[in-house]
Amino acid sequence: MNIHESAENYLEAILALGEQGPVRSIDVAQRLGFSKPSVSRAMSLLREGGFVVMDEGGFLTLTDEGLEIAERIYERHLLLTKWLIHLGVEETVAATDACRIEHDLSVESFDALRAHINRDMGIE
């Protein structure tokens, strides 16, 4: 289940967009600021990898494996963003920085950070 950061970003975008309704490639392109052809190519690769399925209407759905990756990355993104904001970082900067950090942390480091952040912010 080792995939590239760009694929993780696509899966995370599909998950986040899916919270608002059905997702098409154009929605992903708009959210990430990529061209439609770039997103179409990425979606093709994600479908071939078994991470995404596309129905006859062009709507994207994450497979179980795609959902697992997307949820892991999205959890990291939300927690790191919230923590950076708590530390006084401006919201858009916090979200951008969280996106950079979320992909490179080991499971062990993220688990330790999550426990610390939850204690520090009084969450749990």
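## Two helices crossing

Helix α1 (residues 5-18) packs against helix α4 (residues 64-86) at an angle of about 85°, and their axes sit 8 Å apart. That makes α1 roughly perpendicular to α4, a label for angles of 65 to 115 degrees. This is a predicted model, where local features need pLDDT of at least 70 and side-chain atom pairs count only at pLDDT 80 or more, while totals for chains, interfaces and linings use all residues. Residues are numbered from 1 along each chain as its sequence is written, and side-chain values use heavy atoms, with hydrogens and water left out.

Who touches whom here? On the α1 side, the contact (heavy atoms within 4.5 Å) uses Glu8, Leu11, Glu12, Leu15 and Ala16. Residues on the α4 side include Leu67, Ile69, Tyr74 and His77. Sorted by class, this contact has eight nonpolar, two polar and four charged residues.

## The largest pocket

The largest pocket holds about 220 Å³ of space. Its lining (residues with an atom within 4 Å of a pocket grid point) is made of Asn9, Glu12, Ala13, Arg31, Leu32, Tyr74, His77, Ala95, Thr96 and Cys99. At least two of the lining residues come from each of α1, α2 (25-32), α4 and α5 (91-102). Five are nonpolar, three polar and two charged.

## The second largest pocket

Next up is a pocket with about 150 Å³ of space. Around this second largest pocket you'll find Ile3, His4, Ser6, Ala7, Tyr10, Ala42, Leu45, Leu46 and Phe51. Helices α1 and α3 (36-48) are the elements that give two or more residues to its lining. The class count is seven nonpolar, two polar and no charged residues.

Note on methods
Axes are lines fitted to C-alpha atoms, for helices over the stretch in contact, and angles run from 0 to 180 degrees between N-to-C directions. Helices (H or I, at least four residues) and strands (E, at least two) are DSSP runs, numbered from the N terminus. Angles under 35 degrees count as roughly parallel, over 145 as roughly antiparallel, 65 to 115 as roughly perpendicular and the rest as oblique. Ala, Val, Leu, Ile, Met, Phe, Trp, Tyr, Cys and Pro count as nonpolar, Asp, Glu, Lys and Arg as charged, and the others, Gly among them, as polar. On a 1 Å grid over the protein atoms alone, a cavity is a set of points where a 1.4 Å probe fits but cannot get out, and a pocket is an open set with protein on both sides within 12 Å along at least five of seven lines; lining residues have an atom within 4 Å of a point. Grid points are joined across faces, edges and corners, and a volume is the space filled by probe spheres set on the points.
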